Amino acid sequence: MSQDFLIEGNDFAGAGMVSTSIKSILKKIGFDPVFIRRIAISTYEAEMNVVMHARRAKVGLMVSPTLVEVILDDEGKGIPDIDKAMQNGYTTATEEMRALGFGSGMGLPNIDKNSDKLEIKSVVGVGTRLAIKFYVE
Amino acid sequence: MIKYFHAHRVIREKCMGHMTCMRRCPAEAIRVIRGKAVIADELCVDCGTCISVCPSKAVVAISDIFEGLKKYKYKVAIPSPVLYSQFEPSIHPYIIHMALKQLGFDKVVDIFFASDTLSVVIEKYMDDFKGRLPRISSHCPATVRLIQVKYPDLVELVVTLDAPREITAREIKENLPIELGMDPDDIAVVYISPCPAKIVSIKQPAEKARSWFDGTVSMNDVYSLLFPHVIGIKETFDISMVPDDFYFSADFTTFAGKNWSSRIGNRLVVTGVDHVMKIFDDIENSRLRNVNFVEALTCMQGCVGGPFAPENPYIARSNSYKQKSLYENIADLDERKIIDQYKNGYYNLENPVLPRPTKYFDGDLVTSIKRMKEKNKVYQKLPQIDCGCCGAPTCIAFAEDFVRGETELMNCIFLSQKVNLNNWADRENNQ
Ligand code: SF4
């Protein structure tokens, strides 16, 4: 089963809607609540990254009995140094964003921590692709 | 399969098939089938929205009518604090006790003492607590059901302390038979409830085998009987009639249990089921990072907004503020003793709150995923305007009902119209 969603950059008001929709689909299918929580947290973090740093992103949710995968393809500035971005607390969010509690630099590390596999591909000036995998036990 | 008890039902003869309840039910538990509303037992969270919104007043309470209580020799009423706020502030709260006695109760006990006690307990609980945050208060049973049905991952956040009403009832059940030298089975402890959820929590508790109450009555039912007595007593009432130990604390109603946890930092109060669901979504996305304690009440404005409370909740709240300033009389609490009791587990819920598994697409993961896919396909064919004419609240819900085999595609008027038009076209072509 697969389903697509869209996230608009800078849409702070709407942030969280995609992760909430994904969560509700997974709940209806009947996955384990703890498993869903990992996916919800990861998707929410990824969604916030798009809102803060990109123009827009396409999100694809793929569900099979063994694997749930969320792929985010964004049009944005890209990540120049992925290793650095994966460090706790590293952020390129602006002061204003951080004052509002966003961009604490925990996004990618948090996704990494909550998922089973995280693949990042990024081209500076073009965009970033996150493929986040969760294996069903 | 467990059969779920609910404290409300649809009177078929009165139901005009308005669909208001179907659209507003936050659990999407209502369908309109052949012009009548039908509630799905396993999905209903007892929030009472359907009762409040039904234009024909076709959704009504099922509560123990006084008849059923006649067999008891001694009857104790425990009113929800909301009851006082239903009367204007010139009515002394003690008048309401007197009126309840005229209705046939032998004793009236408030839950104020237990709720003030629990506010001490909950502070201690939060001080000691080291696990996952935020904690969610457990005293709105509709909130607890909502979590069990729609937010299974959040059950572990529910505060494991019992509600003030249960603690009060338990103390009566334990002490009164000894005090009166009576058989406990001859004493009835009855709750006067502003909402169906509390009635259900007494008939079918989420976290224990049996409630300490013997019965419940809806506040609406009591109010109508009580009103003439209240007016009558007021005429001859004199303040000297109030006993010295009369205890009154309106905090519980003035704002959503303000005194609960007032010293707890970073708390959040949310009322109204839609708003509660938004907050729960935020918790699930781990977005609520700086809040330790969430008090979530599914009725707008909290318990004063209960569907069985006759007065407008805004007026009730305002009454409550005035009553607090006029009549408040709080005894000193023995905090040391309370904390000792707490440490001995006295205030704990008897059993943990567990998720209530509701299967949207019954079956295993494989079947379920297949049905989700099929649902998406069906949904694509629908007009996606949520008109409700099919009897389901949204096109998505209709598509889900269809893959579960509970409805036919032709119940969508748009699809059936298309088929009819095609049939017409075919006929014309064949002529
Ligand atoms: S009580 Fe609430 S959840 Fe139950 S059917 Fe009515 S509106 Fe729906």
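In what order do the elements of chain A run from the N terminus on? The order is β-α-α-β-β-α-α-α-β-β. That makes 5 helices and 5 strands in chain A. The model is a predicted one.

Chain A has 137 residues, and 51% of them count as buried. Take the contacts in chain A with a separation of 6 or more: 62% of them join residues 24 or more positions apart.

Now pick out one residue of chain A. Asp74(A) sits in strand S3, which spans residues 67-76. Asp74(A) is buried, yet it has no salt bridge. Which side chain of opposite charge is nearest to Asp74(A)? Arg55(A) is, at 7.9 Å.

What does lie close to the Asp74(A) side chain is backbone. The backbone nitrogen of Thr128(A) is 2.7 Å from one of its polar atoms. Thr128(A) is also among the residues that Asp74(A) touches, leaving aside those up to four places away in sequence.

Next, turn to the partner chain. On the side of chain B, 22 residues are in contact with 25 residues of chain A. How much area is buried between chain B and chain A? The figure is about 2,000 Å², and carbon and sulfur atoms give 56% of it. Three residues stand out on chain B. Asn285(B), Leu365(B) and Ile369(B) supply 29% of the area that chain B buries against chain A, more than any other three residues.

Charge also features at this interface. The rule finds 6 salt bridges across the interface of chain B and chain A. One of them links the side chains of Asp281(B) and Lys23(A), at 3.1 Å from N to O. The interface also has 11 residue pairs in polar contact, counting pairs with both residues at pLDDT 80 or more.

Which helices of chain B each supply at least two residues of the side that touches chain A? They are H12 (273-284) and H15 (365-381). H15(B) gives the most, with 7 residues. By type, the residues on this side of chain B divide into 8 nonpolar, 4 polar and 10 charged.

Notes. Residues numbered from 1 in each chain as written. Chains lettered and ligands numbered in written order. Predicted model: local features only at pLDDT ≥ 70, side-chain atom pairs only at ≥ 80, totals over all residues. Heavy atoms only, no water. Helix = DSSP H or I, 4+ residues; strand = E, 2+ residues; numbered from the N terminus. Buried < 20%, exposed > 50% of the residue type's maximum accessible area, 1.4 Å probe, protein only. Lys, Arg positive; Asp, Glu negative; His and termini not counted. Salt bridge = Lys/Arg side-chain N within 4 Å of Asp/Glu carboxyl O. Polar contact = N/O pair within 3.5 Å; in protein donor to acceptor, adjacent residues only side chain to side chain. Contact = heavy atoms within 4.5 Å. Buried area = accessible area lost by both parts, 1.4 Å probe. Nonpolar A, V, L, I, M, F, W, Y, C, P; charged D, E, K, R; others polar.
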